[in-house]
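This report goes through a chain element by element.

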Amino acid sequence: MMQTCCIHQSFPQRIFPRRDASTGPKLCKLGFIGKHHSLGILSLIQQRRLHVNLNSNDAHPSMSIFEEKPSPENNAPTPEPELPFSKWSPSKSIWRGLSVPIIAGQVLLRILKGKIHWRNTLQQLERTGPKSLGVCLLTSTFVGMAFTIQFVREFTRLGLNRSIGGVLALAFSRELSPVITSIVVAGRMGSAFAAELGTMQVSEQTDTLRVLGADPVDYLITPRVIASCLALPFLTLMCFTVGMASSALLSDAVYGISINIIMDSAHRALRPWDIVSAMIKSQVFGAIISVISCSWGVTTTGGAKGVGESTTSAVVMSLVGIFIADFVLSSFFFQGAGDSLKNCV
């Protein structure tokens, strides 16, 4: 009589090196995979079934082994649920666009609290103001003479020589002086701000400041913003004065229009609000230049190439911001029909 019993037993799977005639032995990779884990490559444990048959005649058992393949449902890795936007990474332009209002708010909060590093602020004020005065005055001189040539040629044909000074004064005070000065400062100081902070960012100097207990916003960004907002109005006022002086000298020397006529016409056309609006515009332009340049600098990545790209992009975006802000402020300050030239006709 034959009796049969079934015994379940687990035997570890042995993996031997595989030899190749060309490359020599290659080892198979081992791993571990669990029911609720997604790690590993193969399962080390393989289920086998051992059948033992007992012979009733001689009582000698005979055994046979049948391998059971594991079901794919039990050993398949369970996929982890993905969160919404888990694989989405915003571009650098989006990060930089978001960093501008954040940095502007941090700087404004520190100014209101009085957390100002005065030594750095005075150093940046010297760089932005006196050291930028020469190129600003030179630019304003030649722009004033170029506009004088165009206005004098046309107004003398109409017999409106007494209106030339008023038109030049209004053009310089309302638009030319703040915009030209801001463009020069953006090209000179905005690029410097972005390059300096970008170099410090890629070389991890800003992280060193945080380790030493100094906030980069207090130490690096706030002094530059304050210096730009304070220096731009005075530079604008100087550029306006030099531009009008060069226009009057060119009119007298080339076209025979007296300097007194130009100055009297400008005095009659100008209003105090024209000068005040120019100062307000220049302050806004200075804040735009410094905040954008510093934001582009502290978000720089990619070494020397990234510093160059950040510097170029900071200047371009500063110029775009200046032109947009100029349109918005001009439409807000000067609405309706004007009567400034009535007194100098």
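## Axes and angles

Axes here are lines fitted to C-alpha atoms, for helices over the stretch in contact, and angles run from 0 to 180 degrees between N-to-C directions. The model is predicted.

## Overall make-up

The protein chain holds 10 helices and 5 strands. Of its 345 residues, 36% are buried. Take the contacts between residues at least 6 apart in sequence: 77% of them join residues at least 24 apart.

## H5 against H10

The axes of H5 and H10 come within 8 Å and cross at roughly 150 degrees. Angles over 145 degrees count as roughly antiparallel, so H5 is roughly antiparallel to H10. The crossing is right-handed.

Which residues of H5 and H10 meet? On the H5 side they are Glu-175, Val-179, Ser-182, Ile-183, Ala-186, Gly-187, Ser-191, Ala-194, Ala-195, Gly-198, Thr-199 and Val-202. H10 contributes Gly-303, Val-307, Ser-310, Thr-311, Ala-314, Val-315, Ser-318, Leu-319, Ile-322, Phe-323, Asp-326 and Ser-330. By class, the residues of this contact are 12 nonpolar, 10 polar and 2 charged.

## H9 against H10

H10 also packs with H9. The axes of H9 and H10 come within 9 Å and cross at roughly 150 degrees. H9 and H10 are therefore roughly antiparallel to each other. Their crossing is right-handed.

From H9, the contact uses Trp-273, Ser-277, Ile-280, Lys-281, Val-284, Phe-285, Ile-288, Ile-289, Ile-292, Ser-293 and Trp-296. From H10 come Ser-310, Ser-313, Ala-314, Met-317, Ser-318, Gly-321, Ile-322, Ala-325, Asp-326, Leu-329, Ser-330 and Phe-333. The contact of H9 with H10 divides into 14 nonpolar, 7 polar and 2 charged residues.

## H3 against H5

Helix H3 spans residues 118-128. H3 and H5 pack at an angle of about 140 degrees, with their axes 11 Å apart. How does H3 lie relative to H5, oblique or roughly antiparallel? The antiparallel class needs an angle over 145 degrees, so H3 is oblique to H5.

Gln-124, Arg-127 and Thr-128 of H3 meet Val-185, Arg-188, Met-189, Ala-192, Phe-193 and Glu-196 of H5. These residues split into 4 nonpolar, 2 polar and 3 charged.

## Aromatic pairs

How many aromatic pairs does a search of the whole structure find? The search finds 5. One of them joins Trp-273 and Phe-333. The pair is edge-to-face, with 5.2 Å centre to centre and 85 degrees between the planes. Trp-273 sits in helix H9 (residues 272-298) and Phe-333 in helix H10 (residues 303-333), 60 residues apart. The pair thus links distant parts of the chain.

The two partners have these accessibilities. Trp-273 is partly exposed, at a relative accessible area of 38%. Phe-333 is buried, at 16%. Buried means under 20%, so Phe-333 qualifies. Trp-273, Phe-332, Phe-333 and Phe-334 form one aromatic cluster.

Val-284 lies in helix H9. Is Val-284 buried or partly exposed? Val-284 is partly exposed, with a relative accessible area of 30%. Leaving out residues up to four places away in sequence, Val-284 touches Ala-325 and Leu-329. Its C-alpha atom is separated by 9.8 Å from that of Ser-182, 102 residues apart along the chain.

Ser-99 lies in helix H2, residues 92-113. Ser-99 counts as buried, at 10% relative accessibility. Neighbours within four places in sequence aside, Ser-99 is in contact with Ser-295 and Thr-299.

Ile-180 lies in helix H5. Ile-180 is partly exposed, with a relative accessible area of 23%.

## A positive phi

Where is Glu-204 found? Glu-204 is in the loop between helix H5 (164-202) and helix H6 (205-211). Phi of Glu-204 is near 65 degrees, a positive value in a residue other than glycine. Most residues other than glycine have a negative phi.

Note on methods
Residues are numbered from 1 along each chain as its sequence is written. This is a predicted model: local features need pLDDT of at least 70, side-chain atom pairs count only at pLDDT 80 or more; totals for chains, interfaces and linings use all residues. Side-chain values use heavy atoms; hydrogens and water are left out. Rings of Phe, Tyr and Trp (its six-membered ring) pair if their centres lie within 6.5 Å; planes under 30 degrees apart count as stacked, over 60 as edge-to-face and the rest as tilted. Helices (H or I, at least four residues) and strands (E, at least two) are DSSP runs, numbered from the N terminus. Buried means under 20% relative accessible area, exposed over 50%, partly exposed in between (1.4 Å probe, protein chains only). Angles under 35 degrees count as roughly parallel, over 145 as roughly antiparallel, 65 to 115 as roughly perpendicular and the rest as oblique. A crossing is left-handed if the near helix is turned anticlockwise from the far one by less than a right angle, and right-handed if clockwise. Contact means heavy atoms within 4.5 Å. Ala, Val, Leu, Ile, Met, Phe, Trp, Tyr, Cys and Pro count as nonpolar, Asp, Glu, Lys and Arg as charged, and the others, Gly among them, as polar.
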